[in-house]
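Subject: Structure handover

Hello,

Here is the structure we spoke about. Please look it over first; notes on what was found follow below.

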Amino acid sequence: MCLYNILSTVLRPMESLSVFQQILITLFRLRFNMNMQYLGFLYGVHSATISRLFQTVIDVMYARLVPAIIFWPDGDLRKTLPTCFQITFPKCACIIDCFEICIERPSDFKARAQTYSDYKSHNTAKYLIGISPQGAISFISKGYGGRASDKFITEDSGFLNNIHPGDTILADRGFDLKDTFGYYGAKMEIPAFTKGKKQLYAVDIEKTRQIASVRIHIERVIGVTRQKYTMLE
């Protein structure tokens with residue numbers, strides 16, 4: 001009902017569906033990935049109507065909910081850092097990673113090339129997500145084709161506008177942006193590269209272990225999101 005009260009001020013009733021039903025159908029599709037035809041049968045409307053209202057409600061949810069819920073935390077948040085961060089990364093402001101959602105293969109050849117992910121061996125939409133050390137999502141980018149690199153998305157998505165001098169950002173090896181973050185007076189911590197090395201130095205092994213022990217939190221957030229909203233699987 002809280003969600004309904006926020007969205008009902010923007011959405012309008014349809015001839016055959018109330019605002020409440022429109023929101024409910026959208027949540028059914030997100031949570032259980034219900035088929036358009038089945039939802040149409042359930043509510044006595046054409047599947048094309050379900051498709052249109054789903055797109056409309058998603059757009060409204062994006063416009064109304066994202067600015068209110070996903071925001072960059074202020075500096076006072078560091079006072080409540082979890083213990084594992086206080087010891088190893090006391091200035092950590094964000095942990096970032098990219099996650100991909102499989103999509104249908106586009107009929108347009110250019111779009112097909114732009115969305116093909118070598119990592120997934122499938123056409124995908126790709127997003128940059130950032131979480132605070134406390135586990136709250138603090139940044140989500142617009143969608144990119146699966147071909148886009150993690151480095152490009154980070155630089156193009158506007159994420160860097162949130163960085164402040166002294167911040168530490170944790171990421172995976174694909175985010176080799178130490179020079180870029182250095183320009184903003186911030187520091188990027190990524191696991192050590194093993195390419196071209198027979199063996200890592202002990203200090204690199206320890207640093208990689210420390211990063212992995214806290215970076216796992218963003219993997220859990222992405223995993224929980226996929227499991228909760230089965231449409232994203």
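Strand 1 and strand 3 run antiparallel and are joined by 8 bridges. Strands pair if DSSP finds at least two bridges between them; helices (H or I, at least four residues) and strands (E, at least two) are DSSP runs, numbered from the N terminus.

This is a predicted model, in which local features need pLDDT of at least 70 and side-chain atom pairs count only at pLDDT 80 or more, while totals for chains, interfaces and linings use all residues. Residues are numbered from 1 along each chain as its sequence is written, and side-chain values use heavy atoms, with hydrogens and water left out.

Strand 1

Strand 1 also runs parallel to strand 6, with 3 bridges joining the two. Ile95 has a bridge partner on each side: Ile131 in strand 3 and Leu170 in strand 6. Buried means under 20% relative accessible area, exposed over 50%, and partly exposed in between (1.4 Å probe, protein chains only).

Salt bridges

A salt bridge is a side-chain nitrogen of Lys or Arg within 4 Å of a carboxyl oxygen of Asp or Glu. The count comes to 7 salt bridges. One of them joins Asp97 to Arg215, with the closest N and O atoms 3.5 Å apart. This pair links distant parts of the chain, since Asp97 is in strand 1 and Arg215 in helix 9 (residues 202-228), 118 residues apart. Asp97 counts as buried at 9% relative accessibility, and Arg215 counts as buried at 10%.

Arg215 forms another salt bridge with Glu219, at 2.9 Å between the closest N and O atoms. Arg215 and Glu219 are 4 residues apart in helix 9, so about one helical turn separates them. Glu219 is partly exposed, at 32% relative accessible area. Salt bridges with shared partners join Asp97, Asp172, Arg215 and Glu219 into one network.

The side chains of Lys126 and Asp150 also meet in a salt bridge, at 2.8 Å from N to O. Lys126 lies in strand 3 and Asp150 in helix 7, so this pair ties together parts that are 24 residues apart in sequence. Lys126 counts as buried because its relative accessibility is 8%; Asp150, at 18%, counts as buried.

Aromatic rings

The whole structure holds 8 aromatic pairs. Rings of Phe, Tyr and Trp (its six-membered ring) pair if their centres lie within 6.5 Å; planes under 30 degrees apart count as stacked, over 60 as edge-to-face and the rest as tilted. Trp72 and Phe159 are an edge-to-face pair, 5.6 Å centre to centre with 75° between the planes. The two are 87 residues apart: Trp72 is in the loop between helix 4 (47-69) and helix 5 (83-88), and Phe159 in the loop between helix 7 (150-156) and strand 6 (168-170). Both Trp72 and Phe159 are buried.

Phe99 and Tyr127 are stacked, because their planes are at 25° and their ring centres 5.6 Å apart. Phe99 is in strand 1 and Tyr127 in strand 3, 28 residues apart. Phe99 counts as buried at 12% relative accessibility, whereas Tyr127 is partly exposed at 23%. Ring pairs also link Trp72, Phe139, Phe159 and Phe181 into a cluster.

Regards
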